[in-house]
Amino acid sequence: AQKVTQAQTEISVVEKEDVTLDCVYETRDTTYYLFWYKQPPSGELVFLIRRNSFDEQNEISGRYSWNFQKSTSSFNFTITASQVVDSAVYFCALSEETTGGGADGLTFGKGTHLIIQP
Amino acid sequence: DVKVTQSSRYLVKRTGEKVFLECVQDMDHENMFWYRQDPGLGLRLIYFSYDVKMKEKGDIPEGYSVSREKKERFSLILESASTNQTSMYLCASSYRRTNTEAFFGQGTRLTVV
């Protein structure tokens, strides 16, 4: 069965610090997809990134970067030079090829509440 | 931009009332979903639908039903609201092809008193 663990329930850092959100997943499939979503105080989940299991290349988008390591079943998310606007709950999610498309196949972690203090 | 709109941001209902939560998407997505979000529990899938008039139970369907009469609209129904259904409800939609990302509405915070 698939499972996503976000061990950090809450992280609080001071603005401009770098912060890494951890995500560890479990799956028996060789083909799977990993996602990160951001949920700001407004409530709407915002899609950030999707990676497939065959692409271990790390990705950088501005201040955001993602480190995918199959050897440790991890898909960690780093925010560089954090800003107050980064304060949100961040969810990691996993979808297996066999479960089909869309959110019905998404297994979410319980989320990490990130607080950026000015 | 994909837009998923939920009819209410905040709702207060009395125990025993029949409650309708409405969700509309404008991207012609085949899939639509209702999740419930509670502190410490993350997101849990209540029901989903792959097509008009089609519905499938998720992880926690008890006490809920759904309706999808049109492709763009997916309704969640609480037949007789109870206090343990006080929660944040999130609607989402996506294309049916494998493993596309889902797009979420802004959420409805329902309080049952």
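Chain A and chain B meet through 23 residues of chain A and 25 residues of chain B, where contact means heavy atoms within 4.5 Å. The model is predicted: local features need pLDDT of at least 70, side-chain atom pairs count only at pLDDT 80 or more, and totals for chains, interfaces and linings use all residues. Residues are numbered from 1 along each chain as its sequence is written, chains are lettered from A in the order in which they are written, and side-chain values use heavy atoms, with hydrogens and water left out.

Start with the interface. The size of an interface is often given as the accessible area lost when the parts come together. Here about 1800 Å² is buried between chain A and chain B, and carbon and sulfur atoms give 53% of that area. Buried area is the accessible area (1.4 Å probe) that two parts lose on being put together, summed over both.

The rule finds one salt bridge across the interface of chain A and chain B. A salt bridge is a side-chain nitrogen of Lys or Arg within 4 Å of a carboxyl oxygen of Asp or Glu. Arg50(A) pairs with Glu101(B), and their closest N and O atoms are 2.5 Å apart.

Which elements of chain A give two or more residues to the side that touches chain B? They are strands S5 (32–39), S6 (46–52), S10 (88–96) and S11 (106–108) of chain A. Strands are DSSP runs (E, at least two residues), numbered from the N terminus. S5(A) gives the largest share, four residues.

Now turn to the disulfides. A disulfide is a covalent bond between the sulfur atoms of two cysteines. The search, which takes cysteine sulfur atoms within 2.5 Å, finds two disulfides over all chains.

One joins Cys23(A) to Cys92(A), with an S to S distance of 2.0 Å. The torsion about this S-S bond is about -65 degrees, so the disulfide is left-handed. Cys23(A) lies in the loop between strands S3 (19–21) and S4 (24–26) of chain A, and Cys92(A) lies in S10 of chain A, so the pair ties together parts that are 69 residues apart in sequence. Both Cys23(A) and Cys92(A) are buried, meaning under 20% relative accessible area (1.4 Å probe, protein chains only).

The other joins Cys23(B) to Cys91(B), S to S 1.9 Å. This link is left-handed, with -80 degrees about the S-S bond. Cys23(B) sits in strand S3 (residues 19–25) of chain B and Cys91(B) in strand S9 (residues 87–94) of chain B, so parts 68 residues apart in sequence are tied together. Cys23(B) is buried at 0% relative accessibility. Cys91(B) is buried at 0% as well.

Notes
Buried means under 20% relative accessible area, exposed over 50%, partly exposed in between (1.4 Å probe, protein chains only).
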